[in-house]
Amino acid sequence: KDNRRLLLELKRPTKYEDCLSNNRLETELFLVEGESAKSVDGRDENIQAIYTLGGKPCNAILELGKENQSLETLKKNPIFQDIMLLLNIKPNDPNLDSLRFGKIFIASDADTHGYHIASILLSNLMLFNKYLVTNGHLYIVIPPLFSLKFKSIGKSKKVSLYIRSEAELVYTLTDYIYQEVFDLYVKTPKTKNIVKLDFDIMVAF
């Protein structure tokens with residue numbers, strides 16, 4: 001589908017940042033939680049597109065045995081209508097030759113609210129087309145929860161370290177203290193939005 005025409009068809013075109021490539025072997029779509037995560041500084045605009053959900057998506061899963069009804073509910077949702085347009089595939093069709101993006105990343109905040117959003121979106125995408133999962137196109141980003149900054153003894157340059165969990169934070173700090181290698185110049189601001197990170201850091205995670 002032509003990119004310019006695609007933007008006209010989207011229900012929420014301002015929520016989408018397109019990439020330049022149309023090669024499915026290299027393109028990636030990031031489904032991010034909110035406006036603050038829409039920063040484009042940390043992406044490769046050649047292959048990485050970003051769509052902003054703007055909060056918690058609709059939960060179309062009603063109950064077991066009513067998948068068809070749930071899918072109809074999902075198809076009426078403006079956000080998911082956009083996602084269907086971006087993916088460019090049919091519901092529950094095993095033929096994914098027309099899929100626009102080879103990799104789809106769910107990137108939500110590293111907190112309970114973000115985990116809930118990720119689980120709802122994963123369920124919705126599974127309901128829409130399970131072959132996205134079985135064929136290895138769908139991923140969940142696990143962003144770091146903490147950013148540690150410290151100085152090595154005898155050196156003026158700060159070192160940054162990214163930590164995924166509170167348990168890992170405690171272990172890391174304890175390890176550094178017992179080694180007595182580092183000055184206790186440590187800051188632990190929470191790092192929530194994966195798209196806000198530098199591109200090299202985002203790739204590493």
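## Strand β3 and its neighbours

Two bridges connect strand β1 (residues 16–17) with β3, and these two strands run antiparallel. Within this pairing, Tyr-16 lies opposite Tyr-51 of β3. The structure described here is a predicted model. Strand β2 (residues 28–32) is also joined to β3, in this case by five bridges and in parallel orientation. Phe-30 has Ile-50 of β3 as its bridge partner.

Strand β3 (residues 48–52) is largely enclosed by the rest of the structure, because five of its five residues are buried. In a regular strand, side chains alternate between the two faces of the sheet. In β3, Gln-48, Ile-50 and Thr-52 point one way, whereas Ala-49 and Tyr-51 point the other way, and all are buried.

## Overall architecture

The protein contains seven helices and seven strands. Read from the N terminus, the order of elements is α-β-β-β-α-α-β-α-α-β-β-β-α-α. Of the 205 residues in the protein, 42% are buried.

Among contacts with a separation of 6 or more, 65% are between residues 24 or more positions apart. The accessible surface of the protein amounts to about 11,500 Å², and carbon and sulfur atoms contribute 53% of that surface.

## Salt bridges

Two salt bridges are found in a search of the whole structure. One of them is formed by Arg-100 and Asp-18, with 3.2 Å between the closest N and O atoms. This pair links distant parts of the chain: Arg-100 is in the loop between α3 (78–87) and β4 (103–107), while Asp-18 is in the loop between β1 and β2, 82 residues apart. Both Arg-100 and Asp-18 are buried.

Glu-72 and Lys-75 also form a salt bridge, their closest N and O atoms being 3.5 Å apart. Both residues belong to helix α2 (residues 67–75), and because they are three residues apart, about one helical turn separates them. Glu-72 is partly exposed, with a relative accessible area of 40%. Lys-75 is likewise partly exposed, its relative accessible area being 31%. The Arg-100 and Asp-18 pair, by contrast, consists of buried residues.

## Helix α4

Helix α4 (residues 112–128) comprises 17 residues. From its first C-alpha to its last it reaches 24 Å, close to the 24 Å expected at 1.5 Å a residue.

The buried residues of α4 are Gly-114, Ile-117, Ala-118, Ile-120, Leu-121, Asn-124, Leu-125, Leu-127 and Phe-128.

## Cysteines

The number of disulfides in the model is zero. Cys-19 is buried, with a relative accessible area of 2%.

Methods: Residues numbered from 1 in each chain as written. Predicted model: local features only at pLDDT ≥ 70, side-chain atom pairs only at ≥ 80, totals over all residues. Heavy atoms only, no water. Buried < 20%, exposed > 50% of the residue type's maximum accessible area, 1.4 Å probe, protein only. Helix = DSSP H or I, 4+ residues; strand = E, 2+ residues; numbered from the N terminus. Pairing = 2+ DSSP bridges. Salt bridge = Lys/Arg side-chain N within 4 Å of Asp/Glu carboxyl O. Expected span 1.5 Å × (residues − 1). Contact = heavy atoms within 4.5 Å. Areas by Shrake-Rupley, 256 points an atom, 1.4 Å probe, with all protein chains shown as cover. Disulfide = S-S within 2.5 Å.
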